[in-house]
Amino acid sequence: MPKRLFKRPRAPRFAALTSRTASWSMNRRLAAGIAALAVLAGAAGLTAYLTANTDRPAGSPPPASASSPSPTASADGESRSAVPKPPSTRNPVEFAKAAAGALWSYDTRRTTQPQHLAGLKAWMTTESKYTDWDSVASQVPDPTLWSRMHDNGQYATAKIAEGHMPQAFTKALGDNPGAITEAYIYVVTISGKQSIAWRGGGAGAEGRAITLAVQCRPDRNCALSGVSPRVAP
């Protein structure tokens, strides 16, 4: 019986964010773009929360997963196959729910790895200063593994349970409401389940959680800014 070739590792337990380093690894361009925001550590602000580490630690495990193509949500709330277009919404939580569904779903039977990446690229903000594409692309299996998964007929579906802005983020925003008005980037944590199946077999649904940076400017629809390497409670 074919074996599942790629399994998204379990997300770490909700780790408490310390006031000194609420870790969010964004690339340097993103860090520079929101460097003007106040530091979360002392009094108020979002910079430390979003950009405590501007680079991923050397040797840290690459992605967290076989996630990706976003499915269209069905009546039962499950995501289906290919990567759909991002939703038209200015609500960061609703957008993050849809984005998480896209990152936890894929279908190697229908889509090539480059096609899948192209589908996810459409979810990203077009503002280069605030986009961390690498953190999103790293969620997808590399071409070799994707090909093996295709040979095995592997696919995954996602079911979203809930989404919320982490407490540390909402507190920082409450302490300094104006801090967000430069980048309009919101931090949102999503939880749900992912089910993986392959030709002749499958696995039960497993719990997933992810923290995303979502840009929602007042005059346009939300877009994905990046994926955090850690889950914020």
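Which side chains does a polar contact of 2.8 Å join? The section on Thr189 returns to this point.

## Basis and confidence

This is a predicted model, in which local features need pLDDT of at least 70 and side-chain atom pairs count only at pLDDT 80 or more, while totals for chains, interfaces and linings use all residues. Residues are numbered from 1 along each chain as its sequence is written, and side-chain values use heavy atoms, with hydrogens and water left out.

The mean pLDDT (the predictor's confidence in each residue, from 0 to 100) is 74 for the protein, with 65% of residues at 70 or more. Over residues 9–81 pLDDT stays under 50, although the model has 213 contacts beyond four places in sequence for them; a contact means heavy atoms within 4.5 Å. Where pLDDT is low, the predicted coordinates should not be read in detail.

## Secondary structure

The protein has 7 helices and 6 strands, which are DSSP runs numbered from the N terminus (helices H or I, at least four residues; strands E, at least two). Among its elements, mean pLDDT is lowest in helix α1 (residues 28–33), at 37, and highest in helix α3 (residues 92–103), at 97.

Of the 233 residues, 50% count as buried, that is, under 20% relative accessible area with a 1.4 Å probe, protein chains only.

Thr189 lies in strand β3 (residues 185–198). Thr189 counts as buried because its relative accessibility is 1%. The side chains of Thr189 and Thr211 are joined by a polar contact of 2.8 Å; such a contact is a pair of N or O atoms within 3.5 Å, where, within protein, one must be able to donate a hydrogen and the other to accept it, and residues adjacent in sequence count only if both atoms are side-chain atoms.
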